[in-house]
Amino acid sequence: RLPQERNLRLPRHGTLMTSHIPVGTNTPWNQQKVLETVRGLEGLSGQEKNSLVQMLQNENTKIAKVIKDSATVKELEASLVALAKQMADQRDRTEKSAQNGNSAAEFSRQQMINALDKYSENKLSVQTASVKAVLKILQKVEKKPSDIRNRRLQMGNVVVKKFITGVKGGLELVNACGYVEMEIGDKKTKYLVLKDAKIEIIKLAISLLKEKLQDIKSGGTKSVPKPRKVLCPCGFWGSSDQDGLCSVCYKKRFMGVDPVKKSSSIAATQEKKARDSKKKWKLSLKRARTKLAAVYRFRLGVQKRSRIIQKNKKRCFTCNRKVGYLGFECRCMYVFCELHRFPDTHKCTFDYKHLHQNKLKKDNQVVAHEKITKLE
């Protein structure tokens, strides 16, 4: 025998027939011939050959069908090799699915532990209330996993807001249990939905929550050790939570930042900001000049001559009637009453003709083709 065939457990009695090949028939296949064929197969491992032998001994229907359908030795060998490969693939698939299930449960467990560690950032009363609320929800799901009402949590609900989304680590905990945020209905209401209620993960979460609740009740909150002062190699005091380094050496080693260069760059940016601020007042002065020039151009419509300044703008400039705050200011920059507010009633000096000419020039621009095409 070959070394790879030593582990094959072949039956001693070759006259034993399968149930699909009765004794006394003229069929060329009996169990001894099939075993010899299995022994001489190439390209199969010892485990695959053992599985074929075991199927033959147990009178498996699959191998019996293969034997019955094969007419020649080559057909039998090809069919047995295909069957062995099929069984090996099926076995690998089952092993992988089991490993994936275990890894998914382990990943969910780690996520739950991380979320429960975040709970320590909340107050004790908030932790207790939130853990109790989530535990109650998961116990309902465990009791009736097919009930969709227990697997849907509306995010606008007061309980969900107060004990899950409003608590640090609450949303991460329900996400680790399998809840996913979704929008349902025409109004697109936001829900936390548990699509696939895996009982193993739900039971794991319930056990972890019970442990957390017991830990909170016993007052066993993990105390974080305070950092100690340690002497840094540079001679300055460091901290134990920074590997015994000071802040400057820690940034140099782990963050790749040189504080001296950083401070110089900060100083340079500050100088640049100071220069920009100096430029800003020049820009604001330039804008003010532009606005004043625009106002001056607007008032050019008034004829250039010696103007009388109206000191009291609470009276009409023509009839000296008291108008208060209800006077009308004309474009000639004087205030008039309701009788003298129009230009023809107070001999207005504003050049309306020039104003409308400029407006027409601006609104009606000349549209014409160029007479000569310019070569660029």
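Over which residues does pLDDT stay under 50? In this predicted model, that stretch is residues 1–27, for which the model has 37 contacts beyond four places in sequence; contact means heavy atoms within 4.5 Å. The mean pLDDT of the protein, the predictor's confidence in each residue from 0 to 100, is 76, and 78% of residues reach 70 or more.

Residues are numbered from 1 along each chain as its sequence is written. Local features need pLDDT of at least 70, side-chain atom pairs count only at pLDDT 80 or more, totals for chains, interfaces and linings use all residues, and side-chain values use heavy atoms, with hydrogens and water left out.

I turn now to helix packing. The axes of helix 5 (residues 124–143) and helix 8 (residues 199–217) come within 10 Å and cross at roughly 155 degrees. The two helices are therefore roughly antiparallel (angles over 145 degrees, on a scale from 0 to 180 between N-to-C directions). Their crossing is left-handed. By class, the contact has 12 nonpolar, three polar and five charged residues. Among the contact residues are Leu124, Val131 and Leu138 of helix 5 and Ile202, Leu209 and Ile216 of helix 8.

Finally, the salt bridges. The structure holds four, each a side-chain nitrogen of Lys or Arg within 4 Å of a carboxyl oxygen of Asp or Glu.

Note on methods:
Helices (H or I, at least four residues) and strands (E, at least two) are DSSP runs, numbered from the N terminus. Angles under 35 degrees count as roughly parallel, over 145 as roughly antiparallel, 65 to 115 as roughly perpendicular and the rest as oblique. A crossing is left-handed if the near helix is turned anticlockwise from the far one by less than a right angle, and right-handed if clockwise. Ala, Val, Leu, Ile, Met, Phe, Trp, Tyr, Cys and Pro count as nonpolar, Asp, Glu, Lys and Arg as charged, and the others, Gly among them, as polar.
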